[in-house]
Amino acid sequence: MVRQRRDTVSQESSQQASSSLRKIHPDELQEILQKHKIWFESRGKEGERAELSKADLHQKDLSFQNLAGANLRDADFSQASMRGINFKKATLAGTNFSKAGATFADFSGADLRGAKMHGANLSFSNFNDTNLRFADFLLAYMRGTQLEQACLAYANFTGAAMLGVNFHGADFDNVNLARTILWESSFRDVQNLDAIRDLKAAQIYGLAHTPRDFKNWAVLERDALDDKPPRNWKDLPPILREHIPEIWWSTVRAEIMDS
């Protein structure tokens, strides 16, 4: 009974959030994107900066679009296709990227405070110099993702899969890494590693440029640090089986083991 009540409240909250979003007609969206492209290429002398705050862009195909410098605060990009999109220095605070496909995207220098990335595929994307305070990467998939000099304070990575991620110089103040899959990622010159909030049940293997005190703490926290990736695809956690086809696993595993 209690669970049903909670589900009802959650559905009502989701419906209220959806109803507050601004609906964008496809023709209007194309016009906004075209004007923004002109604005960007002319360095603001022509065209018009995209103003899409609180816009409903759920399930839209925005692949390879240019929204650099746009205002997209509190917009909904859930389940959108955004391969190769340019969000450089955009305002993306409070945006919803749940289950979006944003591979090879450029988020560098963007304001992503409080962004929701639940289950998003962010592989090979660039988050260098971004503000990701309080961002939520629950169950996100991040392979080869760049997070150099990113502010990750209070970010949540619970259950996220991170393979070959570059955290060079990132701020880990109060970051939650519980149940993460963290393989062959670089922690060179990171800040506030000793302030990580949670590392329980994390699967960690081959962290590069990681301070000895962090490794020692991780061993105490988890009882093991150098977990080797499973040899068989069927033994992988569900989040990895979802993103890595069985036919690819031997190649991916070789990359992880040899890097």
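Predicted model: local features only at pLDDT ≥ 70, side-chain atom pairs only at ≥ 80, totals over all residues.
**Order of elements**

I started by walking along the protein from the N terminus, and the elements run α-β-α-β-β-β-β-β-α-α-α. Residues are numbered from 1 along each chain as its sequence is written, and side-chain values use heavy atoms, with hydrogens and water left out.

**Burial, surface and contacts overall**

Next I looked up how much of the protein is buried. Of its 259 residues, 48% are buried, where buried means under 20% relative accessible area, exposed means over 50%, and partly exposed falls in between (1.4 Å probe, protein chains only). The protein exposes about 13300 Å², and carbon and sulfur atoms supply 45% of that area. These areas come from the Shrake-Rupley method with a 1.4 Å probe, and for residues only the protein chains shown count as cover.

I also checked the reach of the contacts, a contact being heavy atoms within 4.5 Å. Among those between residues at least 6 apart in sequence, 14% join residues at least 24 apart.

**Salt bridges**

How many salt bridges are there? I counted four, using the rule of a side-chain nitrogen of Lys or Arg within 4 Å of a carboxyl oxygen of Asp or Glu. As a reminder to myself, side chains of opposite charge can pair when their charged atoms come close.

Lys 23 counts as exposed because its relative accessibility is 57%. Asp 56 has a relative accessible area of 13%, so I noted this residue as buried.

Then I turned to Asp 111 and Arg 113, which form a salt bridge with 2.7 Å between the closest N and O atoms. Asp 111 is buried at 17%, while Arg 113 is partly exposed at 39%.

I also found Glu 51 and Arg 49 joined by their side chains, at 3.5 Å from N to O. Glu 51 is partly exposed, with 39% relative accessibility, and Arg 49 is partly exposed at 30%.

**Leu 122**

Is Leu 122 buried or exposed? I have Leu 122 down as buried, because its relative accessibility is 1%. This residue lies in the loop between β2 (55-56) and β3 (141-143). Leaving out residues up to four places away in sequence, Leu 122 touches Ala 102, Met 117, Phe 127, Phe 137, Ala 140, Tyr 141, Met 142 and Thr 145. I also looked at Ala 100, which is 22 residues from Leu 122 in sequence and 8.3 Å away in space, C-alpha to C-alpha.

**Asp 171**

My last stop was Asp 171, in the loop between β4 (161-163) and β5 (181-183). With 17% relative accessibility, Asp 171 counts as buried. Which residues does Asp 171 contact, leaving aside its neighbours within four places in sequence? I listed Ala 150, Cys 151, Leu 152, Ala 153, Gln 191 and Asn 192. Asn 192 is 21 residues from Asp 171 in sequence, and their C-alpha atoms are 6.1 Å apart.

Note on methods. Helix = DSSP H or I, 4+ residues; strand = E, 2+ residues; numbered from the N terminus.
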